[in-house]
Amino acid sequence: MRRDDLDTPALVVDLDVMEDNIRRLQSYCDEHGIRLRPHIKTHKVPAIAHMQIRAGARGIACQKLGEAEVFAATGFDDIQIPYNIVGRPKLERLARLMRQCHLTVAADSLMTVRGLAWAAAQAGQPLDVIIELEGDIERAGVHTPEEAVTLARAIDEAPELRYRGVMIYPSNPESRPRLRAFLDALAAAGLPAEIVSGGGTGAAYHSHEIPELTEIRVGTYVYNDWSTVKHGWCTLEQCAQKVICTVVSRPTPDRAIIDGGSKTFSSDGGLPMGHIIEYPEAAIYRMNEEHGYVDISRCARKPEVGERVTVIPNHACAVSNLHDVIYGLRGDRVEVIWPILARGKVQ
Ligand SMILES: Cc1ncc(COP(=O)(O)O)c(C=O)c1O
């Protein structure tokens with residue numbers, strides 16, 4: 001099968017580009033003695049994670065328990081969940097999963113820690129725990145070094161848990177003073193962090209500027225997307241994930257409609273909603289579920305109905321969650337079709 005035989009919208013990955021992305025970040029990490037723990041939220045495909053491990057990565061990160069269940073079932077033995085697991089139904093699943101693979105889980109509150117201790121008791125084995133520190137995006141995470149010490153002590157004193165260290169997201173160089181303050185307070189309390197886990201594609205190649213990091217969780221680097229291009233974190237040529245769409249309508253001279261909308265791309269990432277390779281001057285400016293609105297007023301040559309276009313999505317991870325399969329292309333040839341096994345695992 002060839003690229004042109006695929007019905008649209010079709011999610012594809014350029015295998016040469018993806019393999020290069022995997023190699024490049026792994027070499028950087030090897031050079032600087034940092035452990036790379038790929039975050040599988042970007043592709044959700046066990047076969048790709050196995051490629052990352054074969055390239056030298058050690059362990060994976062899964063954002064959700066449901067993703068971790070899929071990856072544990074496909075042979076991954078070292079899984080980190082950098083997310084608070086809260087509530088009885090998930091804690092019961094966590095206890096079951098602990099019997100299948102080695103897990104490290106993050107916590108940022110005593111409530112989460114108590115739940116993790118309960119799950120570990122059910123599993124009958126100790127659970128490794130890291131503390132989530134609040135990063136620059138002000139999302140989850142303990143806010144002050146004092147809170148981190150209190151939490152580390154609670155984990156350390158729980159017989160069911162093993163205190164292992166900390167995580168932060170994103171680990172951009174500007175966050176180093178903040179990270180240092182947390183690490184110093186923990187060390188002064190006799191609770192030094194053995195694991196210091198950073199993350200984020202934008203921060204990845206700056207990780208050596210934070211020598212405290214022992215590992216980084218990086219997801220988007222494997223595919224890249226239009227957001228990483230816009231941020232200057234990669235080039236257009238380093239984008240591996242694409243969606244092939246068909247122009248299905250040309251209602252006015254300046255508007256084209258493609259057969260991919262929010263059910264194909266999500267509406268993440270602002271305007272323009274992706275980049276059309278064949279028509280770089282075009283702008284996807286709105287999406288309904290199955291319609292992508294494209295402003296083609298600045299295009300010298302305009303796409304015709306029936307023409308196929310290649311879109312680099314705004315947010316690769318969200319796109320992976322919307323498709324059943326991804327077609328691996330070697331040049332124009334479809335070399336492999338991977339089911340996106342962990343798509344939709346939001347619980
Ligand atoms: C906790 C955590 N770690 C790592 C990552 C990976 O970030 P990126 O996809 O930018 O590499 C994410 C992404 O959302 C995250 O939330």
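Modeller: Ground rule before we start: two strands pair if DSSP finds at least two bridges between them. Strands here are DSSP E runs of at least two residues, and helices are H or I runs of at least four, numbered from the N terminus. This is a predicted model, where local features need pLDDT of at least 70 and side-chain atom pairs count only at pLDDT 80 or more, while totals for chains, interfaces and linings use all residues. Residues are numbered from 1 along each chain as its sequence is written, and side-chain values use heavy atoms, with hydrogens and water left out.

Biologist: Why are β2 and β3 called edge strands?

Modeller: The open sheet has eight strands, ordered β2-β9-β8-β7-β6-β5-β4-β3, with parallel pairing. β2 (35-38) and β3 each have a single partner strand, so one side of each is left without a neighbour in the sheet. For β3 that link is with β4, over two bridges, with isoleucine 60 opposite isoleucine 79.

Biologist: Why is helix α3 described as largely enclosed?

Modeller: Seven of its nine residues (65-73) are buried, so the rest of the structure largely encloses it. Buried means under 20% relative accessible area with a 1.4 Å probe, protein chains only; exposed is over 50%, and partly exposed is in between. Glu67 and Phe71 are among the buried ones. They pack against α2 (46-54), β3 (60-61), β4 (78-81) and α4 (88-98). Just after α3, glycine 75 has a positive phi of about 100°.

Biologist: What makes a set of residues a nonpolar core?

Modeller: Its members are buried Ala, Val, Leu, Ile, Met, Phe, Trp, Tyr and Cys residues joined through side-chain atoms within 4.5 Å. The largest one has 96 residues; Phe71, Ile79 and Leu94 are among those touching the most other members. Helix α1 (residues 15-32) contributes the most, seven residues. A separate core has seven residues, including Ala10 and Val334.

Conventions. Contact = heavy atoms within 4.5 Å.
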